[in-house]
Amino acid sequence: MTGTDIDDEMLMAYADGELDEHDAARVEAVLSDDPSIVTRLAVFSRTREALVSAAAVRRADPLPGQVLSRAQVAIETAADLESDAKVVPLARPDRRLRFLPMSLAASLAVVGFLGGYVLSPYARVEPQDPRFAILGTTGLSEELDRLPAGGRAAIEGGEVAIIASFRDATGALCREFEVDSPDATTVVSVACRSQAGWDPKLAVVAPADDGTQYAPASSLETLDAYLAAIGASAPLPIEEEAAALDDLL
Amino acid sequence: MTNSFERDLIAALPALRRYALSLCRKSDIADDLVQTCVERALAARVRYDPGERLDPWLFRILRNAWLDMTRRMVTRGTEIDVTETPEAAIQDGARVTEAVLFLHETERAMAALPDDQREVLHLVCFEELSYAETAEVLGIPKGTVMSRLARARIALAERLGIN
């Protein structure tokens, strides 16, 4: 074999330690016989050295503090959601379990209905109820357009956290989310996207969790019953969710 | 209650930020990309196979986030300014050494490469991913990684006067 039998990619793979023993031996056999191939190999071994030493300098770059602190907040938020899911004492479909918020605590009140569909024995509250108005909060619909599941953002008068995205039986994109207000009220909602924007479908008010209350199975079944009634799909994987959000733009 | 996934995620932040900078070349956008990647990784962690390396899995998520972001920018007609150079690596005057000068020269040469070539170069030579891992991150065949990488290295050698 001669140097012309060995192409650039093979030489590069040799320089990068990517060849198996057999192919590496082939390259080495030619290297000792053909000085021209040493020159060709040098292009790859020396560019690798240059890049590895450049990378070593870059590794010394300090990580900006806000990158670390934002990541830590995201990790804590995710850990909270995760541990909350674990304390919910009920057998429910796997589709939402790991997203389940602790704030779905006792004494839930259903405040919104789809077409008068009665979901639970809880008292019905008319749409002008101030708690329902949270769905018109400035900035909320923009965040529904933008945030991935698990994301949080500040909106007027509180914070929104996206729990999951799914599609209803008609294929409309729906998002389950909660809005936390400074008065310790948490509203868990489902909104689906239409031509006109985000239509609120269901809102459940839950008192903010004080660590002593656990969600009764029946309150969660309310949400499940609703999701089953609209033919909700399983939560969209992040890639599909991202594509669905892109389609809104 | 930090577990190993979370520890490894934190440990990967510098590499994620370097990769983000190599993609978007603006530090504020890079920071946002890293954050989006972290959030998506946490949301998708049940799909992470602990038997595989975390970095390539994270790089793939970060790259998808970047593609999403660029699609949105194109949709909104926002121009991405790619002229900003990465911030200087080291501020300490005493340490402005030959290595740093060579770093800048190398980065300028990399910046002049086509995006697809620069990207394989970064993943293989900066982040030391294998060809197979790089192919996985980029969603392209390993042979394509090798041909892009070889072209990138030859072009870089010419620019840096290596031959």
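Buried means under 20% relative accessible area. By that criterion B:Cys125 counts as buried in this predicted model, because its relative accessibility is 0%.

**Close-up 1. Buried cysteines of chain B.** B:Cys125 has a relative accessibility of 0%. B:Cys24 is likewise buried, with a relative accessible area of 0%.

**Close-up 2. The disulfide of A:Cys174 and A:Cys192.** One disulfide is found over all chains of the structure. The sulfur atoms of A:Cys174 and A:Cys192 lie 2.0 Å apart in this link. A:Cys174 is buried at a relative accessible area of 0%, and A:Cys192 is buried at 3%.

**Close-up 3. Strand E3 of chain A and its two antiparallel partners.** Seven of the ten residues of strand E3 (residues 158-167) of chain A are buried, so that the strand is mostly covered. Strand E2 (residues 152-155) of chain A pairs with E3(A) in the antiparallel sense over four bridges, and A:Ala154 has A:Glu159 in E3(A) as its bridge partner. Two residues separate E2(A) and E3(A) in a hairpin, where A:Gly157 in the turn has a positive phi of about 70 degrees. E3(A) and E4(A) also run antiparallel, joined by eight bridges; A:Ser165 stands opposite A:Arg175 in E4(A). The hairpin of E3(A) and E4(A) has five residues between the strands, and A:Gly171 takes a positive phi near 90 degrees there.

Close-up 4. The side chains of A:Asp16 and B:Arg153 form a salt bridge with an N to O distance of 2.8 Å. A:Asp16 lies in the loop between helix H1 (8-15) and helix H2 (21-33) of chain A, and B:Arg153 in helix H8 (residues 142-160) of chain B, so the pair joins two chains. Both A:Asp16 and B:Arg153 are buried. A network of salt bridges links A:Asp16, A:Arg48 and B:Arg153.

**Close-up 5. Salt bridges within each chain.** The whole structure contains 21 salt bridges over all chains. In one of them, B:Arg18 meets B:Glu127 at 2.9 Å, N to O. B:Arg18 lies in helix H2 (residues 13-24) of chain B and B:Glu127 in the loop between helix H6 (115-126) and helix H7 (131-138) of chain B; the pair therefore ties together parts 109 residues apart in sequence. B:Arg18 and B:Glu127 are both buried. In chain A, the closest N and O atoms of A:Arg58 and A:Asp61 are 2.7 Å apart. A:Arg58 is buried at 7% relative accessibility, whereas A:Asp61 is partly exposed at 22%.

Methods
Residues are numbered from 1 along each chain as its sequence is written. Chains are lettered from A and ligands numbered from 1 in the order in which they are written. This is a predicted model: local features need pLDDT of at least 70, side-chain atom pairs count only at pLDDT 80 or more; totals for chains, interfaces and linings use all residues. Side-chain values use heavy atoms; hydrogens and water are left out. A disulfide is a pair of cysteine sulfur atoms within 2.5 Å. Buried means under 20% relative accessible area, exposed over 50%, partly exposed in between (1.4 Å probe, protein chains only). Two strands pair if DSSP finds at least two bridges between them. A salt bridge is a side-chain nitrogen of Lys or Arg within 4 Å of a carboxyl oxygen of Asp or Glu.
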